[in-house]
Amino acid sequence: MNKKNKFLQALFRPRGAVLVIVYFLTAVFAAGAIVSVALNRFRMPVALSYILFGLSALFLAYSIYTVVLYAPAAKQKFRSLLLRNDFTARIMQHYGFKTFVFALFSLAINVAFAVMNLVSAVLYKSVWYASVAGYYSALIVFRGGVIIADNKYKKKFADNDAAREKSKWKIYLAGGAFLIVVACAMAGAVTQMTVSARPVQSGQVMAIANAAYTFIKMTTAIYNLCRARKFDDPVTQALRNLNFSAACMSVVSLTVLMIATFAANADEMNGMLSMKACVGFIACALVLATATIMIRKATKELRKTKTE
């Protein structure tokens, strides 16, 4: 009876070495399942594939259970650790500063993607890559411009709260206007993605990974967009609006990638042209709508400051 109780306790509240083994086996079986999909052209035994998928699902479910079980305590310990450092504590406690730090990180990623696509455009002599590079360049100008302008006005109006608030709305207005430029760059990239194929195709595993990343990116962008509105800081809202626009573009890119990867033949791919065009149109329309809202809101707030 004691052995049974110990087993149940270890099963429902695993610790130490048991957790390490569980996570290791989860990674092994999940990798095996992915490999079985990637190497299906070698005609792996169907039974082996089913066993790998079954074990990976079982261990993944159990791993998720352990994460949910220990997440609150782990989160509290991790938060306490971050609060010991002044920089990370400021990120944790100040949403505006957190947005600024992640904006710098996103800016660095945009620069890397712009360079990569520009190099690819030259190497492959591809308008497809050139249009994507143009889109990322627009993101760079937007993020970089907001960050530079905000720092400049922060120093200039350090002792004038009213002027500082007005400067934030000016940045927000400029952001809304430039988001139209981003939408135009996005439309050019979407057009290329719709009417022409990507010069270098990727495999199914990459497509599935891209789908998971895009889902997380869009969910996070929407969550932060709503949270930024509650924070009531124009600069923070401008940066979060740009993140939402970038997430919309990721959905378009994912749609094109999934169709190119999983379409059975060229005729089926051409038949999905209307879907690509529809997704691209909706994404560009959402970005333009966001830009319009930003411009109207900023104009309204700036008029208030004139009448006061």
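Predicted model: local features only at pLDDT ≥ 70, side-chain atom pairs only at ≥ 80, totals over all residues.
I started with Trp128, which counts as buried at 7% relative accessibility. Residues are numbered from 1 along each chain as its sequence is written, and side-chain values use heavy atoms, with hydrogens and water left out.

**Overall layout**

I looked up the fold next and got eleven helices and zero strands. Helices here are DSSP runs of H or I with at least four residues, strands are runs of E with at least two, and both are numbered from the N terminus. Of the 308 residues in the protein, 36% are buried. I also checked contacts, meaning heavy atoms within 4.5 Å. Among contacts with a separation of 6 or more, 76% are between residues 24 or more positions apart.

**Rings**

How many aromatic pairs does a search of the whole structure find? It finds nine. One of them joins Trp128 and Tyr129 edge-to-face, with 5.2 Å centre to centre and 80° between the planes. Tyr129 is buried too, at a relative accessible area of 6%. I then looked at Tyr153 and Phe157, whose ring centres are 5.8 Å apart with planes at 10°, so I wrote them down as stacked. The rule I used takes rings of Phe, Tyr and Trp (its six-membered ring) with centres within 6.5 Å, and calls planes under 30 degrees apart stacked, over 60 edge-to-face and the rest tilted. Tyr153 is partly exposed, with a relative accessible area of 21%. I also found a cluster in which ring pairs link Phe113, Tyr135 and Tyr136.

Helix α5 covers residues 95-124, and its 30 residues reach 42 Å from first C-alpha to last, close to the 44 Å expected at 1.5 Å a residue. The expected span is 1.5 Å times one less than the number of residues. Buried residues of α5 include Phe97, Leu107, Asn110 and Ala121. After α5 comes Lys125, with a positive phi near 50°.

Helix α6 spans residues 127-156, again 30 residues, and its end C-alpha atoms are 43 Å apart, which agrees with the 44 Å it should span. Ser126 caps its N-terminal end, with a side-chain oxygen 3.1 Å from the backbone nitrogen of Trp128.

I went back to Asn110, in helix α5, because its 6% relative accessibility makes it buried. What does Asn110 touch, not counting residues up to four places away in sequence? The answer is Tyr136, Leu139, Ile140 and Arg143. With Arg143 there is a polar contact between the two side chains, at 2.3 Å. A polar contact is a pair of N or O atoms within 3.5 Å; within protein, one must be able to donate a hydrogen and the other to accept it, and residues adjacent in sequence count only if both atoms are side-chain atoms.

Ser131 lies in helix α6 and counts as buried at 13% relative accessibility. Leaving out residues up to four places away in sequence, Ser131 touches Gly188, Ala189 and Gln192.

**Cysteines**

Last, I searched the whole structure for disulfides and got zero. The cut-off is a pair of cysteine sulfur atoms within 2.5 Å. Cys248 is buried at a relative accessible area of 3%, and Cys278 is partly exposed at 41%.

Note on methods
Buried < 20%, exposed > 50% of the residue type's maximum accessible area, 1.4 Å probe, protein only.
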